[in-house]
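Here's a quick briefing to read with the model open beside you.

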Amino acid sequence: MSTNLSRRALLGGALAVAAVPLVGFGRPGLPGDPFTLGVASGEPVPDGVVIWTRLAPVPLADDGHGGMPWRTVDLEWEIATDDRFRGVEQRGIAVAAPESAHSVRIELAGLRPGTEYFYRFRTGGYLSATGRTRTAPEPGALAPLTMCVASCSNYEQGWFTGYRRLAEDHPDLVVHLGDYQYEYAGRDGGVRRHIGPETVTLAHYRQRFAQYKTDPDLQAAHAAAPWLVVFDDHELDNNWAADTPEEPQPGFTARRAAAMQAYYENMPLRAPARPQGAAMQLYRRVQWGALATFHMLDTRQYRTDQACGDAYDADCPELDSAGRTLTGPAQERWLLDGLRDSRARWDILGQQVFFAPLDVVAGPRRGVNADAWDGYAAGRDRLTAGLAGARNPVVLTGDVHSHWAAEISDPRSGPVATELVTTSISSGGDGSDSRSDVDVILPENPHIKYFSNRRGYVRTRITADELRADFRTLPFVTRPDAPARTDATFVIADRAPVLT
């Protein structure tokens, strides 16, 4: 079977998880097909990758346990070089435990670098969908990389067609920049409706993740390639900052611990990310041969609370405080050290909020988003100076539900980096082609080279010589099955941090 046929079969299989009766494996007595949430992989290294699934025959159960009995369940996993599993390279047995909502992650090792693999799970007479994954190249390799970037998928505000179109691009890697799910209670009048109240308890968060993961387009995107993930705010609470929620609320530390636990259970992360109470080690570096170093950042757990009451305001003296930090001192040192020591052709920052300065008020008065890096200008200045020492730094951003492309400059050395901001998968609804609100402020922001208020994702092709970024857009998300098109393309050449 050709590679393309294999991939088409894979995407088709992700539409509905296979409930194929097999010779039984594991304990009998499950109330139905347990693989309703699909499969996923992530965190590739040259000799391995993480593969994931979570058992949930009744995925929307109120208790967050997906209809699973309160006992451990054995399941078999296998990984092969073909999607028919004629060339199985490894297989084993994992234990799904109720304490982790019957989620399972296998940290595979001993695989070949730069190789495409297929994986699946089985238990109780049921077989999961097949996932496609890939190991990272060997350390010195400069092989090209196709990478897609996504963010912000609100179930109530639209269909996840962008995930389907992303999967059809057959990326080698997907970077997800946060707002994977939203915490809000179900509301009438939306495209679809959240099940349950606002997520506060562990059961709430588990149920909400399960609802999102039943979406076939999201399942297709997970089954298409390994993911690198970081959270933003809505995985917990809108605009939260360290120990401070958006609005005063009792028990926020317990809520944060529940959100961290559910996030870890539902993402293909490695064991060092396992939460310790309300804390989670999420920032990390991932190497892709000699081509790219991914610096995955956490801009929520360690930040100073937003100034000016989260308002778009520049008259607040607190904005200019040298002590304000978005990353926290330890993560900032880790990042600056990593940029200084990097020998990769491209240094890619996977982070959440708008990095480049953005004056959102036309005229002499300046207005900024206090939740973004504009609210932490001193920290941004230090990081910008650090970016100047890297060969090809590129900042990836989500959060703002629109496409942007920007150049980042240091006052002393001129252009030092570029920023690619991906729009949302569905958050904000269809969007529009209107540019009137943005065109009026672009003269204030000459470093901004592109804007679009449609939904979609960013597709990149990275080689030793250039990074090519396609801004993919959909005409609508309030109805399913929209086509995707490339609205704009920019090229960043090696050692030339400008958008052409």
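A cavity here is a set of points, on a 1 Å grid over the protein atoms alone, where a 1.4 Å probe fits but cannot get out, and its lining residues have an atom within 4 Å of a point. This is a predicted model, with local features needing pLDDT of at least 70 and side-chain atom pairs counting only at pLDDT 80 or more, while totals for chains, interfaces and linings use all residues. Residues are numbered from 1 along each chain as its sequence is written, and side-chain values use heavy atoms, leaving out hydrogens and water.

**Cavities**

- Searching the whole structure turns up two cavities of 30 Å³ or more; grid points are joined across faces, edges and corners, and a volume is the space filled by probe spheres set on the points.
- The largest cavity has a volume of about 40 Å³, and its lining is made up of F231, E235, L236, W240, A259, M260 and Y263.
- Sorted by class, that lining of the largest cavity has six nonpolar, no polar and one charged residues (Ala, Val, Leu, Ile, Met, Phe, Trp, Tyr, Cys and Pro count as nonpolar, Asp, Glu, Lys and Arg as charged, and the others, Gly among them, as polar).
- The second largest cavity also comes out at about 40 Å³, with L37, G38, V39, W52, K213, L218, Q219 and H222 around it.
- For the second largest cavity, the lining splits into four nonpolar, three polar and one charged.
- Domain 1 (29-136) and domain 2 (138-493) each supply at least three residues to the lining of the second largest cavity, with the bounds taken from an automatic or database domain assignment.

**Helix α2**

- Seven of the eight residues in α2 (residues 161-168) are buried, where buried means under 20% relative accessible area, exposed over 50% and partly exposed in between (1.4 Å probe, protein chains only).
- Those buried residues are T161, G162, Y163, R164, R165, L166 and A167.
- After α2 comes H170, with a positive phi near 50°.

**D374**

- You'll find D374 in the loop between β14 (346-350) and α7 (377-387).
- D374 counts as buried because its relative accessibility is 8%.
- Leaving aside residues up to four places away in sequence, D374 touches L319, A356, P357, L358, V368, N369 and R380 (contact means heavy atoms within 4.5 Å).

Notes: Helices (H or I, at least four residues) and strands (E, at least two) are DSSP runs, numbered from the N terminus. On a 1 Å grid over the protein atoms alone, a cavity is a set of points where a 1.4 Å probe fits but cannot get out, and a pocket is an open set with protein on both sides within 12 Å along at least five of seven lines; lining residues have an atom within 4 Å of a point.
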